Amino acid sequence: MIKSCPHCGASLHEEASFCPCCAKSVNQRKQPHPPRYIPGRALQSAGVLLAMLALVLIAGIWLHDRPRVYDNDSTEAIYRYRGVDYQLCIAWANTPFTPADRVRESSAPLYEIRRYPVLLYINLAGTESFAADTFLELVESIRGEVSKADSEIQITCSEAVRDTDYVPNSAAILYMNPMVTSTGIHSAELTVSIQMKNGDVIRLHQTQAMEGIMTHHFTSDDTPLNTVSDLEVLLARLDEMVGPEDEVYIHLPPVTYTEELFVSGWAINFIGSTDEAGNRTTFTAPIHVESERGRVFLWEGFDLLGPGEGTGLSAAARVHLTDCRIAGWETGVLAHTSAWLNADECVFEDNAAGFCFDAEYGSPSDNRYVNNLFQNNGTAVLLAQVPNDVSLKFPGSRFLNNGTDIDNRCEHQLELDEAIFE
């Protein structure tokens with residue numbers, strides 16, 4: 001094949017390396033260049049920089065994924081998981097979206113072991129929506145620990161349990177069991193730790209401050225108690241006889257009180273009695289009780305018998321009846337305004353309405369009505385307004401020959417699987 005000289009244009013053989021006409025080379029040669037010199041120090045600096053960038057990247061990943069502790073020394077913590085903010089808080093049953101006070105104050109008689117619940121709620125932050133069911137799937141464990149206890153208080157904390165029958169929508173309940181051994185205020189620190197499956201830990205704190213109070217017992221051996229007038233005299237003197245937070249038990253003789261009785265302020269515990277002849281403490285006129293202090297009135301062992309009209313017991317307080325018989329009233333027991341009333345092993349019979357709940361507000365002391373007998377009432381239980389969303393239970397309670405067993409006008413949640421209807 002023939003090619004042309006790039007210099008003079010003469011025809012050349014394909015394999016010619018120079019032109020015979022102009023004697024110039026027809027091969028193109030690349031000018032050699034020596035290798036570029038890179039100082040060793042520059043190479044070392046670049047290596048260090050790359051290593052540092054790798055460490056920063058690894059550290060960023062580790063810091064992002066490492067377990068974290070959420071603890072702001074309060075009864076509330078906000079925890080974010082996959083873009084959702086959860087509110088974890090210790091709260092009261094009637095205000096589940098509002099964190100309880102950092103210091104919980106209560107009182108207890110000396111040398112008596114008390115038991116009360118501390119409630120954990122898990123909600124969607126910034127809303128009034130419960131989220132315990134979803135969030136608990138992410139939780140490894142929940143436990144309570146007591147520390148910093150005064151020398152005059154002995155207190156333990158139970159394992160965390162979930163009991164939505166007792167406290168609806170709660171995530172966990174921890175039961176405190178304190179006993180104080182001297183008067184005055186004593187305290188201990190409760191820490192609730194939520195261990196997440198991803199390694200995170202959320203801690204909530206609440207100081208349990210408990211005032212040791214004296215317990216006073218009055219009996220007919222040392223105090224006149226045979227008439228309503230005697231009771232009124234004793235109640236009027238309590239301010240000068242006992243401290244404002246002391247606990248008072250009045251042991252009633254087996255007599256019949258025929259006059260109307262008013263009890264207010266103090267959380268008076270009435271304990272009835274029965275003599276050898278079978279005579280039992282009996283009231284045949286209405287009883288009225290009011291209190292804003294929040295303590296529970298424990299009344300047991302007496303009869304409240306009416307003339308077929310009026311209200312037997314009218315309560316704007318927290319009252320717990322045990323082994324009482326309420327019969328012959330238009331309304332046997334009325335819980336109104338700020339009341340919460342419980343009854344165990346009581347008899348409600350021959351009333352137009354045995355037990356009526358019509359309270360605007362009130363904190364529950366118990367949601368169970370155990371082993372009661374409701375018989376021969378027009379309406380055994382009338383629920384016009386119940387001031388909390390806890391479900392009411394009637395385990396072992398019998399309903400017999402009533403016109404209406406339960407008139408649930410407010411459509412409150414009930415659990416009747418253990419009640420007996422005959």
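## Cysteines

The sulfur of C324 lies 4.8 Å from the closest cysteine sulfur, which belongs to C346, and this is too far for a bond. Taking a disulfide as a pair of cysteine sulfur atoms within 2.5 Å, the structure holds zero disulfides. C324 counts as buried, at 3% relative accessibility, whereas C157 is partly exposed, with a relative accessible area of 21%; here buried means under 20% relative accessible area, exposed means over 50%, and partly exposed is in between, with a 1.4 Å probe and protein chains only.

This is a predicted model, in which local features need pLDDT of at least 70 and side-chain atom pairs count only at pLDDT 80 or more, while totals for chains, interfaces and linings use all residues. Residues are numbered from 1 along each chain as its sequence is written, and side-chain values use heavy atoms, with hydrogens and water left out.

## Nonpolar cores

In soluble globular proteins, nonpolar side chains tend to be buried together. A nonpolar core is understood here as a set of buried Ala, Val, Leu, Ile, Met, Phe, Trp, Tyr and Cys residues joined through side-chain atoms within 4.5 Å. The largest such core has 56 residues, and those with the most contacts inside it are I250, W299, L313, V319 and L321. Its largest share, five residues, comes from helix α3, residues 228-241; helices (H or I, at least four residues) and strands (E, at least two) are DSSP runs numbered from the N terminus. A second, separate core of 31 residues includes A77, F135, V180 and V192.

With contact meaning heavy atoms within 4.5 Å, and leaving aside neighbours within four places in sequence, L313 touches a set of residues including I287, V289, W299, V319 and L321.

## The parallel sheet

Eight strands form an open sheet with parallel pairing, in the order β16-β19-β22-β25-β28-β30-β33-β36; two strands pair if DSSP finds at least two bridges between them. Because β16 (256-257) and β36 (420-421) stand at the edges with a single partner strand each, one side of each is left without a neighbour in the sheet. Within the sheet, three bridges join β28 (residues 347-349) to β30 (residues 373-375), and F348 has F374 in β30 as its bridge partner.

## Aromatic rings

Rings of Phe, Tyr and Trp (its six-membered ring) pair if their centres lie within 6.5 Å, and planes under 30 degrees apart count as stacked, over 60 as edge-to-face and the rest as tilted. By this rule there are 19 aromatic pairs.

F283 and F302 form another edge-to-face pair, 5.3 Å centre to centre with 70 degrees between the planes. This pair links distant parts of the chain, 19 residues apart, with F283 in strand β19 and F302 in the loop between β21 and β22. F283 is buried at 1% relative accessibility, and F302 is buried at 3%. One aromatic cluster has among its members W340, F348, F374 and F421.

## Around L382

L382 lies in strand β31, residues 379-385, and is buried, with a relative accessible area of 13%. Leaving aside neighbours within four places in sequence, L382 is in contact with F355, C356, F357, D407 and R409. The C-alpha atoms of L382 and N408 are separated by 6.2 Å, although these residues are 26 apart along the chain.
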